[in-house]
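Take a look at the structure first, and then we can walk through it together.

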Amino acid sequence: MIKLNDKMPIGHLQQLVDGNMETHNTPELFANRKTVLFAVPGAFTPTCSAAHLPGYVVKADELFEKGVDQIICLSVNDAFVMAAWGEAQNAEQIMMLADGDGSYTKALGLEMDTAGFGGLRSKRYAMIIDNGVITSLFIENPKEFEVSKAEVVLNDL
């Protein structure tokens with residue numbers, strides 16, 4: 001599992017932008033910038049839609065004021081679902097990235113098997129990445145939502 005001071009693994013993440021599919025190479029995505037990345041088990045799911053993503057939508061400006069260059073929401077969903085969820089949540093300032101096959105989540109060591117719920121999904125977490133290196137990491141215990149909140153990350157900055 002990924003830990004503090006580790007470099008982010010190499011991989012590819014997808015984003016739907018104006019109807020076009022973009023693939024982001026992670027070394028380029030994280031290079032020379034401070035990133036807040038948070039991951040959710042699934043788009044349109046209760047805690048993710050009622051609290052996790054909305055917290056980052058509300059706190060986005062404050063995060064940017066603290067020196068964050070980009071905020072990324074990651075989920076093991078497809079880019080079409082992530083784009084629709086971002087639109088439904090007014091997440092214009094957040095990159096809604098898809099890890100469609102879960103390969104990047106596996107590379108991070110933050111996958112979980114939810115069986116009948118949806119199969120392979122991501123654990124709930126947040127991290128601060130500075131020029132590709134993890135400087136803060138907040139991994140939730142199963143079925144909890146305490147340490148990966150936007151407020152916690154903001155306080156850490």
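## A strand residue to start from

Thr135 counts as partly exposed because its relative accessibility is 39%; buried means under 20% relative accessible area, exposed over 50%, and partly exposed in between, with a 1.4 Å probe and protein chains only. You will find Thr135 in strand β9, which covers residues 133-139. Helices (H or I, at least four residues) and strands (E, at least two) are DSSP runs, numbered from the N terminus.

Which residues does Thr135 contact, leaving aside its neighbours within four places in sequence? They are Leu4, Ile128, Ile129 and Asp130, where contact means heavy atoms within 4.5 Å. Gly119 is 16 residues from Thr135 along the chain, and their C-alpha atoms are separated by 30 Å.

## What the model is

This is a predicted model, in which local features need pLDDT of at least 70 and side-chain atom pairs count only at pLDDT 80 or more, while totals for chains, interfaces and linings use all residues. Residues are numbered from 1 along each chain as its sequence is written, and side-chain values use heavy atoms, with hydrogens and water left out.

## The chain as a whole

The chain holds 5 helices and 9 strands, and their order along the sequence is β-β-α-β-α-β-α-β-α-β-β-β-β-α. Its radius of gyration is 14 Å, close to the 15 Å from the globule rule for 157 residues, so the chain is as compact as a globular protein of that length. The radius is taken over C-alpha atoms, and the rule is 2.2 Å times the number of residues to the power 0.38. Along its principal axes, the C-alpha trace spans about 40 × 35 × 30 Å.

Of the 157 residues, 49% are buried. Among contacts with a separation of 6 or more, 62% come from residues 24 or more positions apart. The accessible surface is about 7500 Å², and carbon and sulfur atoms account for 48% of that; the areas come from the Shrake-Rupley method with a 1.4 Å probe, and for residues only the protein chains shown count as cover.

## Two aromatic pairs

A search of the whole structure turns up 2 aromatic pairs. Rings of Phe, Tyr and Trp (its six-membered ring) pair if their centres lie within 6.5 Å; planes under 30 degrees apart count as stacked, over 60 as edge-to-face and the rest as tilted. Phe38 and Tyr56 make a stacked pair, 3.9 Å centre to centre with 5° between the planes. Phe38 belongs to strand β3 (residues 34-40) and Tyr56 to helix α2 (residues 46-65), so this pair ties together parts that are 18 residues apart in sequence. Phe38 is buried at 0% relative accessibility, and Tyr56 is buried at 0% too.

The pair of Phe44 and Trp85 is tilted, 6.3 Å centre to centre with 50° between the planes. Phe44 sits in the loop between β3 and α2 and Trp85 in helix α3 (residues 79-88), so the pair ties together parts 41 residues apart in sequence. Phe44 is partly exposed, with a relative accessible area of 47%, whereas Trp85 is buried at 0%.

## Asparagines with positive phi

Asn32 is not a glycine, yet has a positive phi of about 55°. Its place is the loop between α1 (26-30) and β3, and Asn32 is exposed, with a relative accessible area of 70%.

Asn90 also has a positive phi, near 55°. Asn90 lies in the loop between α3 and β5 (94-98). Is Asn90 exposed or partly exposed? Its relative accessible area is 48%, so Asn90 counts as partly exposed.
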